[in-house]
Amino acid sequence: MTPEAAVEPPLRIEGLRFGWGQGRHALQDCRLEIPGPGLWMLVGSNGSGKSTLLRLITGLLTPTGGTITCQGRPALVFQNPDHQLLLPSCGSDLQLALPEGLDVGERGRRVASALAQVGLSGLQQRPIHTLSGGQKQRLAIAGALASDATLLLLDEPTALLDPESQKEVLELIHRLCHRSSSPLAALWITHRLEELERCDGAARMEAGAIGPWQSGESLRSSLAPLPVGGAER
Ligand SMILES: Nc1ncnc2c1ncn2[C@@H]1O[C@H](COP(=O)(O)OP(=O)(O)OP(=O)(O)O)[C@@H](O)[C@H]1O
Ligand SMILES: [Mg+2]
C-alpha cells in the first residue's frame, strides 16, 4: 500500500439493475458515486426508482445485476418517522439502534450524545407520541447517528413537515455533513426544489437511471416551471 492510499468514496454504484418481476426494470444500468462527505440530492418524478434505489443500498432488496460498494454503515430515514420509530420512549428507541457489545454507561452516553446532536437533549424519557412531526423526524435521524452510520439515506424526509420543521431538518443534516470532525455523507431525495439550495451536488433520476452531478442551482433552474407567458415563443 502506498503511504497515501486513495480514499474510497462513501458510495459507488455501477451497472445496477433491479426489477420487481413484471414489465420494465425499475432500475436499469444505474450508476452513482458519492464522492465524499456532504449533502447530495436526488430529484425525480414519481415512480422513477428513487426509493427502490435506497432500499437496494441498505440491502433490503437484492439487485438483479451490478455492484454497490458502500464504505461504512448506511442508515435509512423514511418520509414518515412513524414507520421507523418502534419503542414508546425516545431513549428506548435509540437504545435499539446502538451497536452491540457496549456497556451500560457507554450506551447511556451514546443515547445522550445522539439526542444532543439533533437538538433533543434530555428527552430520554419522553413518550414518542408526544413529539411534534419535526421532532420525530429528528429522533429518527438520532437513531441513524446512534447506529454509527456514516452514510444517511433520506427518502423525502421533509415531505410531511411544516415549513419551519422542514428547515430545521434540512439544516441539521447540512450541519452533520459539514462538521469539522467526521462529517457524514447524505443522499437526500426530494420533490421540494427549494431544498436544492443547500446541497453540494444534485442529480436527476429518470426512468430508473441517474444523470450526472450538477449544482443544485442548475438542476433547479432546469426543472422549475417556466414563468407565466414565457413558455412559448
Ligand atoms: N413493492 C413493490 N412491488 C412492485 N412494484 C413496485 C414496488 N415498489 C415500487 N414498485 C415499482 O417500482 C417503480 C419505482 O418505484 P419507486 O417507489 O422506487 O419510485 P420513486 O421514485 O420513489 O417514486 P415516488 O416519487 O412516488 O416516491 C415504480 O414503477 C413502482 O410501481
Ligand atoms: Mg419514493
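Which residues surround ligand 1? Let's start there. One caution before we do: this is a predicted model.

Ligand 1 is surrounded by Trp20, Ala26, Gly44, Asn46, Gly47, Ser48, Gly49, Lys50, Ser51 and Thr52. Look at the classes. Seven of the shell residues are polar, two are nonpolar and one is charged. Which element gives the largest share of that shell? Helix H1, residues 50–57, with three residues.

Three strands make an open sheet, and their order is S2-S1-S4. The pairing is antiparallel. Which strands stand at the edges? Strand S2, 27–34, and strand S4, 65–70. Each has a single partner strand, so one side of each has no neighbour in the sheet. From one strand to the next, the twist averages 15 degrees.

Take one pair from that sheet. Strand S1 covers residues 11–18, and five bridges link S1 to S4 in the antiparallel sense. Find Glu14 on your screen: opposite stands Thr67 in S4. And here H1 comes back. H1 packs on this sheet and touches S1, S2 and S4. The direction of H1 makes about 115 degrees with that of S1.

A general point about strands. In a regular strand, side chains alternate between the two faces of the sheet.

Next, another set of strands. Strand S3, residues 38–44, runs parallel to strand S8, residues 201–206. Five bridges join S3 and S8. One place to look is Met41, which stands opposite Ala202 in S8.

Follow the chain on from S8. Do S8 and strand S9 run parallel or antiparallel? Antiparallel, with two bridges joining S8 to S9, residues 209–210. Met205 has Ile210 in S9 as its bridge partner. S8 and S9 form a hairpin, with two residues between the strands. In the turn, Ala207 has a positive phi of about 45 degrees.

Now zoom out to the domains. The protein chain is divided in two. Domain 1 takes 11–17, 27–72 and 150–220, while domain 2 takes 85–149. How far apart are the centres of domain 1 and domain 2? Taken over C-alpha atoms, 23 Å separate the centres.

Where the domains meet, ten residues of domain 1 are in contact with nine residues of domain 2. On the domain 1 side, two elements give two or more residues: strand S6, 151–155, and helix H5, 163–178. H5 gives the most, with four residues. By class, that side has seven nonpolar, two polar and one charged residues.

Last stop: a pair of helices. Two packed helices are described by the angle between their axes and the distance between the axes. Our pair is helix H2, residues 90–97, and helix H4, residues 133–146. The angle is about 35 degrees, and the axes are 8 Å apart. Is the crossing of H2 and H4 left-handed or right-handed? Right-handed.

Who makes the contact? From H2, Cys90, Asp93, Leu94 and Ala97. From H4, Leu139, Ala142, Gly143 and Ala146. By class, this contact has six nonpolar residues, one polar and one charged.

That's the tour. Over to you.

Note on methods:
Residues are numbered from 1 along each chain as its sequence is written. Chains are lettered from A and ligands numbered from 1 in the order in which they are written. This is a predicted model: local features need pLDDT of at least 70, side-chain atom pairs count only at pLDDT 80 or more; totals for chains, interfaces and linings use all residues. Axes are lines fitted to C-alpha atoms, for helices over the stretch in contact, and angles run from 0 to 180 degrees between N-to-C directions. A crossing is left-handed if the near helix is turned anticlockwise from the far one by less than a right angle, and right-handed if clockwise. Two residues are in contact if their C-beta atoms, placed from the backbone, lie within 7 Å. Ala, Val, Leu, Ile, Met, Phe, Trp, Tyr, Cys and Pro count as nonpolar, Asp, Glu, Lys and Arg as charged, and the others, Gly among them, as polar. A residue is near a molecule or strand if its C-beta atom, placed from the backbone, lies within 6 Å of it. Two strands pair if DSSP finds at least two bridges between them. Domain bounds come from an automatic or database domain assignment.
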